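Subject: Structure handover and findings

Hello,

Here is the structure for you to look over. My notes follow below it.

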Amino acid sequence: MRSRIHSQLLGIQNTPSFSAGKKFQLDDLIEAQQFDREILADIFEVAREMEKVEKNSPGSQVLKGYLMATLFYEPSTRTRLSFESAMKRLGGEVLTTENAREFSSAAKGETLEDTIRTVEGYSDIIVMRHFESGAAKRAASTAEVPVINAGDGPGQHPTQALLDVYTIDREIGKLDGIKVALVGDLANGRTVRSLAYLLAKYQDVKIYFVSPDVVKMKDDIKDYLTSKGVEWEESADLMEVASKCDVLYQTRIQRERFGERIDLYEEARGKYIVDHDVLNVMQNHAVVMHPLPRLDEITVDVDADPRAAYFRQAKNGLYIRMALLKLLLVGW
């Protein structure tokens, strides 16, 4: 990683009007461990300003003249479209490839490094999703332009974690002293890994891990939380945990991570489902979150409950990604 420079957030008017400011502390966004509480608070402040920008769209041209390349080696709907929407709402333009694994020169055997060197010649920032853990770090070490990790296999998904924490703050009203249940595929879910790293930045947080045995949270995350003094607990009882927590973060069992072991997938799928029975034991202020897409792990009738926050969560992704693109390209 290139050097980090600390700076202060500049005031932003209610009428969206931005100019280049002091340099953002980070050159690339690769993993959740890059952030501290101060940076997170500042990003969230910019994201709240972006809510005003979006409501007045096309009210900002802060990124006019900038080009973003989205390089996705795995399927995506929300992440890719929210990044593209974010760029366009700030006046920028987009170069996109939806399935780079199949329809780019990678199919011909081109290395990731060569692809990155080529694509950076066409763009000012690269947003990449890849099927290999660590691919984003390789891309960042190669590129001269900023690289944003939009998910690298079972590794991390830092912008999802940012929008998740932003959503918790907006929905619950605090980040210290909360109880969060991470449910579902915790072994392969990059979203829950990144979220756990960010939650460790806050005080008096307790995390519950609720998952089938074949997809339990890996030891590296548990060890990290322990090293940071974060209390965590594994449980097989979703109902009990749901009654205690402020946030129930459900995830789908990821069939694509099981390869040919369909028997293990079927063993895990459908074990923990959020339905009205779960809602009935949850506290009134608590929320249900999900990184989406969902299959059957949250029943459709849950959507009407005001505690169902997952579509609001998805919309928050637009504001977070608008903030990140602005900060990486033109600064505070």
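Buried means under 20% relative accessible area, exposed means over 50%, and partly exposed is in between (1.4 Å probe, protein chains only). By that rule tyrosine 73 is buried, with a relative accessible area of 4%.

Some ground rules. This is a predicted model, in which local features need pLDDT of at least 70, side-chain atom pairs count only at pLDDT 80 or more, and totals for chains, interfaces and linings use all residues. Residues are numbered from 1 along each chain as its sequence is written, and side-chain values use heavy atoms, with hydrogens and water left out.

**Overall**

The chain has twelve helices and nine strands. Both are DSSP runs numbered from the N terminus: helices are H or I with at least four residues, strands E with at least two. Of the 332 residues, 56% count as buried. Contact means heavy atoms within 4.5 Å. Among contacts between residues at least 6 apart in sequence, 74% join residues at least 24 apart.

**Aromatic pairs**

There are six aromatic pairs in the structure. Rings of Phe, Tyr and Trp (its six-membered ring) pair if their centres lie within 6.5 Å; planes under 30 degrees apart are stacked, over 60 edge-to-face, and the rest tilted.

Phenylalanine 44 sits in helix α1 (residues 37-55) and tyrosine 166 in helix α6 (residues 158-172), 122 residues apart. Phenylalanine 44 is buried at 3% relative accessibility, and tyrosine 166 is buried at 0%.

Another pair is tyrosine 73 with phenylalanine 131. Here the centres are 6.3 Å apart and the planes at 70°, so the pair is edge-to-face. Tyrosine 73 is in the loop between β1 (67-72) and α2 (78-89), phenylalanine 131 in the loop between β3 (125-130) and α5 (135-142), so the pair ties together parts 58 residues apart in sequence. Phenylalanine 131 is partly exposed, at 25% relative accessible area.

**Sheet**

Four strands form an open sheet in the order β2-β1-β3-β4, with parallel pairing. Strands pair if DSSP finds at least two bridges between them. β2 (93-97) and β4 (147-152) are at the edges with a single partner strand each, so one side of each has no neighbour in the sheet. The twist averages 15° from one strand to the next. β1 and β2 pair over five bridges. Leucine 71 stands opposite threonine 97 in β2. Helix α5 lies across β3 and β4, at about 165° to β4. For such angles, axes are lines fitted to C-alpha atoms, for helices over the stretch in contact, and run from 0 to 180 degrees between N-to-C directions.

**Cores**

A nonpolar core is a set of buried Ala, Val, Leu, Ile, Met, Phe, Trp, Tyr and Cys residues joined through side-chain atoms within 4.5 Å. The largest has 71 residues, and Phe24, Phe35 and Phe44 are among those with the most contacts inside it. Helix α12 (residues 310-330) gives the most to this core, with eleven residues. A second, separate core has 20 residues, including Val183 and Ile298.

**Serine 123**

Serine 123 is in the loop between α4 (112-119) and β3. At 6% relative accessibility, serine 123 is buried. Not counting residues up to four places away in sequence, serine 123 touches Leu67, Met68, Ala69 and Val145.

Best wishes
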